[in-house]
Amino acid sequence: MIGSADVYLFDEPTSGLSSKDSEHVIEIIRALAHNKIIIVTIHQPSSKLFQMFHKAILFDKGGRLVFFGTPTDMLRYFAEAEHQHQFGADMGACPSCGTTRPEFIFDVLETPLRDISGDIIYEENTRGQLVAARRYSPEFWRDKYEAFRLIQDVKQVSLRRGPAPALPTAPSIKRRFFMRWRDEWTQLRTLMRRSFMSKLRNRANLVITIGVAPVLALLIATLLRYSERGEYDYASAYHIPTFLFLSLIVAMFLGLTNSADDIIRDRAVLQRERNLNVRLPYYVFSKFMSLGFFALFQCILFVLIGNYILGIRGMFWIDLGIMLMTAMGGVALGLVISSLVADPKTAANIVPLVLIPQIIMGGALIKYEDMNRNLALVYTFTRWFSEHPSEESGKKMNSRLQVPFVCQFIAMRWSYEEMVVAQAKLNPLTRRQERVNQEMQRIVERRNQDAATTKRLNDLKEVLAMLSGLEAKSADELDRFLALTDEVISGKRPFDRDLFKDAVGPVTAEQLYVNQKVSDLISNAEMEQSDYRRGGKLNVFFGEEKRYLGVTVDLFVFNTIVLIASTLGLLGVLHWILRRQLEVRRN
C-alpha cells in the first residue's frame, strides 16, 4: 500500500477479522479510492460492509457474470428475481431500518431443485460427493443478467432526430511530468518508519548497538590515559593521536557492522515490491538515514565518554562531526557489501577485509614516512627522474610525509588527518589565537590607520599576549576568561587588564587545550610543507592546505568534501547495484 499505483487488488482483506476490524479495513481501503481503481474480493460481507462499496460484481460458478452494479441495485435485482420466481429465500429484511442481509443473494442463486413432494434432489459433483442440485444453472443467471442489462441500455438511449454534433478538436497540451507529492511523501515516510521499526523490533541487537559504543570508549580511553609526567595531564598525554585514530576506526566499524546485513534481510521485500512502483532512491535514503540515526547516537556516546576520560575539552562538536562523517561512510560501504552478498555470514567475513586496510593505511599504525614508498605510483616515477634529473627538477626534493598514491583511496586517511589538524587548530585556545592573528593582519594591511584603529591593534596584541600565558584557579574559571577575550576579539569591548587580574593559578590554557604530541605532528608537517628547497608547497600529511591543479584549498574544506563525496558515491553505486539486480529478476 506504499506504492503510488493507479490500480490496487485486495484478496479477502477482512478474512479472520472481527466485524469492527473489518469495517476499519474497508474504511481505509475506501479512503484510498480517490482517483484510483480498487478491486476487493470478499465473501459473506455484512450489510454495512456491503453498502460501503461503490460497485459490486458477482460471479457464479465457472466465472459467469451474473450482476454488476451498485450494492443497492444488486439487492433490488435479486429481490425482484425472488419475487418473480418464488424461490422461497428469506431476505431477512429489517422493517425498521430497511437493511437486507446480502447472504440472501446466494440463497437465490443456489435455490435447490425439489421434487413433487418438496424434497431436495441431490446430485453427485466432480469429487463424488452428493450436493443439492440447483434449480437454475449458472448459465440461466448469466443469460438473465444479459437480458436485464440489454433492457436497461435500451431505456437509457436518448431519442435524437438530428445528427450528433461533431466533437470539438482537443487542444494540444504539452505533456508534463506529473508527480503526486502527497503519495511520494507517504511512500518515503512509510519506508523510513519501516526501516526504523526493523531495527527497534530486535531488542537484543538494539541493546548491543547502544551499549557497544560506551563500552569501547571506556575501554580505549582508560587504556590510553597515560602521561609522561606520571600524573595524567592532557598537555603531555602520550596517546591522544592514537585515541583519535581509534575513535575513527570504531566509528567506521560500527557503521559497517550495523549495515552489513540490512539489505540481505530486505531482499525478499524488495523483490515483492519491485512491481509496486516503490522508488528505489527512497528505499536507499530511508536505509541510510535510519542507520545514520543509530550511528549518530553511538558517536555521541563515544565522544562524551572518551573525551571526558582523556580530558579533551571544547572539541565535542568537531570530533562528533568528523566521527559521524566516518561512520556514515562505513554505513554506505556496509550497505554496498550487503547488496553484493547473499547471506549475513559472508557479509561478516568481508567486513575485516574492508576494515583492516583502513587501519594499516590510515596513517597512524604505520607512519607514511616508514611505509613502502613503492606504493606511491607518483613516487615511482619521480624516483626514476631523480636518478636522471634535469636542470630544473634537480632543484626540487620530495617529502617523506607525502601520502602514497594507494592510500589516497582510504577514507580513514582523510578523516584521521582532519581529526588531528582540528585537534591542533580548532581547540578553544588555538582557535582564538588564530582569530587574533587574522584580525591583526587585516588591520595591518590597511593603509590609512586612525587613532581608533591603532587602539584596536594594541588591544589585540594585549589579548594575544594574555592568551599565550592565560592561567586560572580552575578549568571553569579559565573558560570564563576565554569568554571575556571573545568580547574583546569581536570588538564588543576594549581590553581591560583589570578584568584578568585574578587570572592566576595552577591551571593554564595550554595545559587544558594543547597536546604536545598533536602539536609535534602539525609542526613537522608545516616544516616539510614550507621547505623552500622544494620550490613550492607540497601536499604533505597533516598539512593545513591542499594544492591541486594550481588551486589552494583549506584542509578542512577539502577533506570534508572528499568524505561526503565518497559516501554519496557509494550510495550511487548501491542504487545502481539494486536497480540492476531487480531488473535481472524482473526479466
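Student: Is N515 buried or exposed?

Tutor: A residue is called buried under 20% relative accessible area, exposed over 50%, and partly exposed in between, with a 1.4 Å probe and protein chains only as cover. N515 has a relative accessible area of 2%, so N515 is buried. Please note that this is a predicted model, in which local features need pLDDT of at least 70 and side-chain atom pairs count only at pLDDT 80 or more, while totals for chains, interfaces and linings use all residues. Residues are numbered from 1 along each chain as its sequence is written, and side-chain values use heavy atoms, with hydrogens and water left out.

Student: Where is the place of N515 in the chain?

Tutor: Helices (H or I, at least four residues) and strands (E, at least two) are DSSP runs, numbered from the N terminus. N515 lies in the loop between α18 (509–513) and α19 (516–529). The chain has 20 helices and ten strands.

Student: Which backbone atoms does the side chain of N515 reach?

Tutor: A polar contact is a pair of N or O atoms within 3.5 Å; within protein, one must be able to donate a hydrogen and the other to accept it, and residues adjacent in sequence count only if both atoms are side-chain atoms. The side chain of N515 reaches the backbone oxygen of A237 at 3.0 Å and the backbone nitrogen of K517 at 3.1 Å. Contact in general means heavy atoms within 4.5 Å. Leaving aside neighbours within four places in sequence, N515 is in contact with Y234, A235, S236, A237, I240 and P241.

Student: What should I know about contacts and burial in the chain?

Tutor: Of the contacts between residues at least 6 apart in sequence, 70% join residues at least 24 apart. Buried residues make up 40% of the 587 residues.

Student: How many salt bridges are found in the whole structure?

Tutor: A salt bridge is a side-chain nitrogen of Lys or Arg within 4 Å of a carboxyl oxygen of Asp or Glu. The search finds 25 salt bridges. In one of them, R134 pairs with D60, the closest N and O atoms being 2.8 Å apart. This pair links distant parts of the chain, 74 residues apart: R134 is in the loop between β6 (130–132) and α5 (138–156), and D60 is in strand β3 (residues 56–60). R134 is buried at 16% relative accessible area, and D60 is buried at 9%.

Student: Where in the chain are D479 and R313?

Tutor: D479 forms a salt bridge with R313, with 2.7 Å between the closest N and O atoms. The two residues are 166 residues apart and link distant parts of the chain, with D479 in helix α17 (residues 475–489) and R313 in the loop between α10 (280–310) and α11 (316–340). D479 has a relative accessible area of 30%, so it is partly exposed; R313, at 28%, is also partly exposed.

Student: Which residues are linked in a network of salt bridges?

Tutor: The network links K199, D261, D262, R265, D266 and K287.

Student: Which residues form a nonpolar patch on the surface?

Tutor: Patches are made of residues with over 30% relative accessible area and no salt bridge; like charges are joined within 9 Å, and nonpolar side chains (Val, Leu, Ile, Met, Phe, Trp, Tyr) within 5 Å. Accessible areas come from the Shrake-Rupley method with a 1.4 Å probe, and for residues only the protein chains shown count as cover. Here V7, L9, I37 and I39 form the patch, with about 390 Å² of accessible area together. Strands β1 (7–11) and β2 (37–41) each supply at least two of its residues. V7, in strand β1, is partly exposed at 45% relative accessible area.
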